[in-house]
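Here's a quick tour for someone meeting this structure for the first time. Take a look at the sequence and the model, and then we'll walk through a few spots together.

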Amino acid sequence: MPITTEDTVRWLNQLAQVLHENRDYLTQLDSPIGDADHGINMDRGFKAVIDKLPTVAGTDIGSILKTVGTTLVSTVGGASGPLYGTAFLRAGMATSGKHELYEADYVGMLEAALEGIKARGKAQPGEKTMVDALTPALGLDLPQIMRRASDAAEAGMKATIPLLATKGRASYLGERSIGHQDPGATSSWLILKTFTDTMG
């Protein structure tokens, strides 16, 4: 069963709802190791995305994802706007002109998004960032890849708790960043989990 343009729009609408519901939780995670605004920023960004979706109705999946990316860059504050914006822009380039995504397209989209985040944030796995949630979601066998990607991202997110932050705002805290779950890794997991739940 391919992922269609309609599925993509449904996912983004659902994601906006999930991020709104988790706004306080993400902000609470960001409070001890960041600027205490991650949930607020993600909620604002995806509200703006939902406002823009009608303007790309009927276009290809790549165009929709690129619109998400440019909207996030212009509306989300902090590091998350440029990072997620770049991720969605790269995912949009990987799916350009497609109205249906098959398993290989899905993998290519995830890889492009992750590479965009790594290039923009200069981050690698183990540095307590969203890269730690997204990296384990790749390199899986194709069958049941979406569910496994979501589960792997959840494990990666939880694995940020004992890590020392060496990138981003949390890195300023040094040893005090240990013991806190990374908010960016958490929102990355929510994005993948919502994708899986919506398509499942």
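## Where H3 meets H5

Which residues in H3 meet which residues in H5? On the H3 side they are His38, Met42 and Phe46, and on the H5 side Ser80, Tyr84 and Phe88. Sorted by class, this contact between H3 and H5 has 4 nonpolar, 2 polar and no charged residues. Keep in mind as you look around that this is a predicted model.

Now for the geometry. Two packed helices are described by the angle between their axes and the distance between the axes. For H3 (residues 38–52) and H5 (residues 80–94), the angle is about 45° and the axes are 11 Å apart. That angle makes H3 oblique to H5, and the crossing of the pair is right-handed.

## H1 against H9

Another pair to look at is H1 and H9, which pack at an angle of about 130° with their axes 9 Å apart. So H1 is oblique to H9, and H1 passes H9 in a right-handed crossing.

From H1, the residues taking part are Asp7, Thr8, Arg10, Trp11, Gln14, Leu15, Val18 and Leu19. They meet Leu190, Ile191, Thr194, Phe195, Thr198 and Met199 in H9. By class, the contact of H1 with H9 divides into 8 nonpolar, 4 polar and 2 charged residues.

In soluble globular proteins, nonpolar side chains tend to be buried together. Here the largest nonpolar core has 50 residues, and the members that touch the most others are Trp11, Leu12, Phe46, Leu72, Phe88 and Tyr106. At least two residues of this core come from each of H1 (5–21), H3, H4 (61–75), H5, H6 (103–121), H7 (131–134), H8 (145–158) and H9 (183–199).

Some of these names have come up already: Phe46 and Phe88 belong to the contact of H3 with H5, and Trp11 is one of the H1 residues that meet H9. What does leucine 72 touch, leaving aside its neighbours within four places in sequence? The contacts of leucine 72 are Gly45, Phe46, Val49, Gly81, Tyr84, Gly85 and Phe88.

## Serine 188, tucked into H9

Is serine 188 buried or exposed? Serine 188 has a relative accessible area of 1%, so it counts as buried. You'll find this residue in helix H9. Not counting residues up to four places away in sequence, serine 188 touches Tyr84, Met130, Ala133 and Leu134.

## Out in the loops

Alanine 36 sits in the loop between H2 (23–30) and H3. Although alanine 36 is not a glycine, it has a positive phi of about 55°. Its relative accessible area is 29%, so alanine 36 is partly exposed.

Lysine 122 is in the loop between H6 and H7. Phi of lysine 122 is near 55°, again a positive value in a residue other than glycine. With 60% relative accessibility, lysine 122 counts as exposed.

The last stop is threonine 166, in the loop between H8 and H9. At 43% relative accessibility, threonine 166 counts as partly exposed. How many residues separate threonine 166 from lysine 128 in sequence, and what is the C-alpha to C-alpha distance? They are 38 residues apart in sequence and 7.0 Å apart in space.

Notes: Residues are numbered from 1 along each chain as its sequence is written. This is a predicted model: local features need pLDDT of at least 70, side-chain atom pairs count only at pLDDT 80 or more; totals for chains, interfaces and linings use all residues. Side-chain values use heavy atoms; hydrogens and water are left out. Axes are lines fitted to C-alpha atoms, for helices over the stretch in contact, and angles run from 0 to 180 degrees between N-to-C directions. Helices (H or I, at least four residues) and strands (E, at least two) are DSSP runs, numbered from the N terminus. Angles under 35 degrees count as roughly parallel, over 145 as roughly antiparallel, 65 to 115 as roughly perpendicular and the rest as oblique. A crossing is left-handed if the near helix is turned anticlockwise from the far one by less than a right angle, and right-handed if clockwise. Contact means heavy atoms within 4.5 Å. Ala, Val, Leu, Ile, Met, Phe, Trp, Tyr, Cys and Pro count as nonpolar, Asp, Glu, Lys and Arg as charged, and the others, Gly among them, as polar. A nonpolar core is a set of buried Ala, Val, Leu, Ile, Met, Phe, Trp, Tyr and Cys residues joined through side-chain atoms within 4.5 Å. Buried means under 20% relative accessible area, exposed over 50%, partly exposed in between (1.4 Å probe, protein chains only).
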